[in-house]
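Biologist: I'm new to this one. Can you walk me through it?
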Amino acid sequence: MRTQVGIVGAGPAGLLLSHLLAGHGIESVVLESRSRGYVEQRVRAGVLEHNTIELLREAGVGKRMDAEGMVHEGIELRFGGQGHRIPMTELTGRTIMVYGQQEIVKDLIRARLDAGGQVLFDAEVTGVDGLDTDRPVIRYGDGRTLECDVVAGCDGFWGVTRQAIPDGVLTVAERVYPFGWLGILAEVAPSTDELIYAAHDRGFMLHSMRSPTLTRLYLQVAPDEDIGHWPDERIWEELDQRVATDEGFDLAHGPIVEKAVTPMRSFVAEPMSYGRLYLAGDAAHIVPPTGAKGMNLAINDVRVLTEALAAWYGSGDRELLEAYSGTCLRRVWRCTHFSWWMTAMLHRFPDEGEGGFDRRLQLAQLEYVTTSKAAATSLAENYVGLERV
Ligand code: FAD
Ligand code: DHB
């Protein structure tokens, strides 16, 4: 088989890239190791920043998002028994949307298939050859091949495309955090209108949502936490304690329909390209989820890549393709810093220094960010998403 752009991975990055390229008349094939049902049900991100919302609308895949997504104008930081609102829209003029990643994935798969696009499920990529030639070849399934002009590595952190880059080419910057998130989805109405990020003495918790009848909650746990040690009652007990305020807060409980533990890391591989391979999204960089940036970064990468490929196919101009990695990495590092900063401010760390030094710094930072308009604006402009570059 042959195509113009061979895309590995049908996550938000790979699917949106295929959709955007089609808008420029560029052909692609998406190869995905999992089944369609699996990728459509995988519960992950939920917060779309301003640029992501605009891009999905411009690309004609924002209709269901606009009908079902929940527009938010602020978030709450909760600590010391009190809630403190960050009025994001008042401070920045921008809003965010809560709309599940798997809903975007469903919308994009439908859009590609309706347009006659090729998305092959249960098609695991095993390797990529000839990246330093102008005819790279992707190997997948039982001995099948896809020949293309360009390979887009959108196969997430554990994928194979980054591994196909020869040793010594990439510089990797990494931080592994000493905790993870236990995430649940519960069939119960959210207990709050806006997201609550709670920095409790027992550890971090986050109250998010997916719809008027579905609540998404996260608890800081050990990175290698055994989910078997967390029966539903224990999860609710811990959430109740961490979300509590001095005035009292009623967290509505309901049947838990999904639970999983995710370890947390920051990771950036540079450059994001090698020969005819361009990495996008989690394949090139990972942020801890605290700032809700991972999927938004993945979506920005493929926006930049689409413009670069459109220029190259249109006029043979390679300038944007050559600038691809540098252009993306400026935003990646800004978001890497923001996500690290949010994570460091909100979680309990095993070693907090003498007299709880680091914990005292966290509380001082939380006080500052919730009382200074300048500090709150800085958080808000990063959270809603900085201007496109
Ligand atoms: P992925 O979604 O990982 O997609 C990669 C695809 O490649 C997968 O479908 C995989 O099956 C496929 N694949 C892998 N290997 C192969 C292979 N060999 N052959 C073929 N296919 C392959 N981000 C936000 O922006 N906001 C949030 O609120 C947020 N919250 C999060 C909460 C949690 C608990 C987690 C875990 C993540 C969160 N993120 C959030 C991060 C976000 O989910 C990721 O950044 C996003 O999924 C990246 O998209 P992607 O397309 O790059 O990669
Ligand atoms: C969600 C996830 C996040 O990482 C975050 O910061 C906010 C919300 C969510 O899944 O809803």
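Predicted model: local features only at pLDDT ≥ 70, side-chain atom pairs only at ≥ 80, totals over all residues.

Biologist: Start with ligand 1. How many residues surround it, and which are the closest?
Modeller: Ligand 1 is surrounded by 36 residues. The closest are Glu32, Arg42, Gln101, Asp282 and Met295.

Biologist: How does that shell divide into nonpolar, polar and charged?
Modeller: The shell around ligand 1 has 17 nonpolar residues, eleven polar ones and eight charged ones.

Biologist: Which backbone atoms lie by its oxygen atoms?
Modeller: Take Ala13, where a polar backbone atom is 2.9 Å from an oxygen atom of ligand 1. For Ala292, a backbone N or O atom lies 3.1 Å from a ligand 1 oxygen. For Pro12, a backbone N or O atom is 3.3 Å from an oxygen of ligand 1.

Biologist: And how much of ligand 1 does the protein bury?
Modeller: The protein buries 90% of it. That is 90% of the 1,000 Å² that ligand 1 exposes when taken alone.

Biologist: Which elements give two or more residues to that shell?
Modeller: Helix H1 (12–23) and helix H8 (294–315) do.

Biologist: Which element gives the most?
Modeller: H8, with four residues in the shell around ligand 1.

Biologist: Stay with those helices. At what angle do the axes of H1 and H8 cross?
Modeller: Roughly 30°, and the axes come within 9 Å. Angles under 35 degrees count as roughly parallel, so H1 is roughly parallel to H8.

Biologist: Is the crossing left-handed or right-handed?
Modeller: The crossing of H1 and H8 is right-handed.

Biologist: Now ligand 2. Which residues come nearest?
Modeller: Tyr197, Ser208, Arg210, Tyr218 and Pro289. They belong to a set of 14 residues around ligand 2.

Biologist: What do Ser208 and Arg210 do there, in terms of distances?
Modeller: Both place a polar side-chain atom by an oxygen atom of ligand 2. For Ser208 the distance is 2.6 Å. For Arg210 it is 2.7 Å.

Biologist: What about the backbone of Thr290?
Modeller: A polar backbone atom of Thr290 is 3.3 Å from an oxygen atom of ligand 2.

Biologist: How much of ligand 2 is buried?
Modeller: Taken alone, ligand 2 exposes 300 Å², and the protein buries 97% of that.

Biologist: Which strands supply its shell?
Modeller: Strand S15 (203–211) and strand S16 (214–221) each supply at least two residues. S15 gives the most to the shell around ligand 2, with three residues.

Biologist: And how does that shell divide?
Modeller: Into eight nonpolar, three polar and three charged residues around ligand 2.

Biologist: Change of topic: the backbone. Where is there a cis peptide bond?
Modeller: A cis peptide bond joins Glu270 and Pro271, with omega at about -5°. Pro271 sits in the loop between strand S17 (256–270) and strand S18 (273–274).

Biologist: Which residue has a positive phi although it is not a glycine?
Modeller: Asp122, with a phi of about 50°. Asp122 is in the loop between strand S8 (118–120) and strand S9 (125–129).

Biologist: Why point those out?
Modeller: Because most residues other than glycine have a negative phi, and most peptide bonds are trans.

Terms used. Residues numbered from 1 in each chain as written. Chains lettered and ligands numbered in written order. Heavy atoms only, no water. Near = heavy atom within 4 Å. Polar contact = N/O pair within 3.5 Å; in protein donor to acceptor, adjacent residues only side chain to side chain. Areas by Shrake-Rupley, 256 points an atom, 1.4 Å probe, with all protein chains shown as cover. Nonpolar A, V, L, I, M, F, W, Y, C, P; charged D, E, K, R; others polar. Axes fitted to C-alpha atoms, helices over the stretch in contact; angles between N-to-C directions. Parallel < 35°, antiparallel > 145°, perpendicular 65-115°, else oblique. Left-handed = near helix turned anticlockwise from the far one by under 90°.
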